[in-house]
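These are my notebook entries on one protein model. I set down what I looked up, in the order in which I looked it up.

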Amino acid sequence: MDSTERREHIVRLLLESSTPVKGSIIATKYSVTRQVIVKDIAILRAKGNNIIATPDGYIMNRTNNRVKAIIAVNHKEEDMINEIKIVLKYGGVVEDVIVEHPLYGEIKGMLMVSNYNELEKFIDKYENQKAKLLSVLTNGIHLHTISAENNENIELIISDLKKNNFIISD
């Protein structure tokens with residue numbers, strides 16, 4: 001199998017998968033190194049494939065037909081779970097976290113948390129790896145791209161986040 005054919009197979013694999021697929025699993029499946037898969041994914045993205053690298057692996061972004069909003073929030077590290085639960089409560093997805101770093105500019109991490117199972121996995125990783133949130137770099141100030149089925153759910157999410165003092169006000 002040549003690289004073009006392998007990339008076509010990778011796209012098909014990601015389209016057929018409802019969960020993220022780790023690069024190491026893709027590499028094993030096609031008998032190449034993980035670094036080859038990283039290069040393949042970069043090429044596929046450059047060709048317009050909407051592939052997202054999440055902490056759990058690669059997934060094809062299927063949120064294109066959803067309503068999106070970018071929200072500015074500020075909270076302590078220990079409030080992260082409550083913030084995400086509010087988004088999930090209204091059928092929302094926390095797609096990413098974005099911070100503005102004084103040296104590097106915008107730093108974005110893909111989250112794609114769309115249900116409580118994914119939230120639990122995220123929390124487990126956060127706790128087991130003793131990792132720090134990106135918002136630690138900015139004293140709790142950060143952005144999220146959130147998406148939902150419709151504007152009404154986006155408004156409910158934003159309203160609830162405001163009620164809980166997460167949204168940064170004018």
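**Source.** I worked from a predicted model, in which local features need pLDDT of at least 70 and side-chain atom pairs count only at pLDDT 80 or more, while totals for chains, interfaces and linings use all residues. Residues are numbered from 1 along each chain as its sequence is written, and side-chain values use heavy atoms, with hydrogens and water left out.

I first consulted the UniProt record, an unreviewed entry, which assigns the annotation "binding site" to H75, E83, H142 and H144. These residues span 70 residues in sequence, yet no two of their C-alpha atoms are more than 12.6 Å apart, so they gather at one spot. I note that UniProt annotations may be inferred rather than shown by experiment; their positions are given in the numbering used here, with feature names shortened.

I then took up H142, which lies in strand β6; helices (H or I, at least four residues) and strands (E, at least two) are DSSP runs numbered from the N terminus. Is H142 buried or exposed? H142 is buried, with a relative accessible area of 4%; buried means under 20%, exposed over 50% and partly exposed in between, with a 1.4 Å probe and protein chains only. Leaving aside neighbours within four places in sequence, I found H142 in contact with residues including H75, E83, V97 and S135, contact being heavy atoms within 4.5 Å. The side chains of H142 and E83 are joined by a polar contact of 3.5 Å. A polar contact is a pair of N or O atoms within 3.5 Å; within protein, one must be able to donate a hydrogen and the other to accept it, and residues adjacent in sequence count only if both atoms are side-chain atoms.

H144 is likewise in strand β6, and H144 is buried at 4% relative accessibility. Beyond its neighbours within four places in sequence, H144 contacts E83, D96 and L111, among others. What does the side chain of H144 reach at 2.7 Å? I found the backbone oxygen of D96 there.

UniProt (unreviewed entry) lists "domain: Helix-turn-helix type" at residues 6-59. I read this span as 57% helix and 13% strand, with end C-alpha atoms 16 Å apart. The record (unreviewed entry) also places "domain: 3H" at residues 71-166; here the composition is 38% helix and 31% strand, and the end C-alpha atoms lie 10 Å apart.

I checked I37 in helix α3 (residues 34-46).

**Helix α6.** For the 13 residues of α6 (residues 151-163), 1.5 Å a residue gives 18 Å, which agrees with the 18 Å between its end C-alpha atoms; the expected span is 1.5 Å times one less than the number of residues. Which residues of α6 are buried? I list N153, I154, I157, I158, D160 and L161. The face turned away from the buried side carries exposed N151, E152 and K163. The cover over the buried residues includes β3 (67-74), α4 (80-89) and β6 (141-148).

At the start of α6, a side-chain oxygen of N150 comes within 3.2 Å of the backbone nitrogen of E152. Just after α6, I recorded a positive phi of about 60° at N165.
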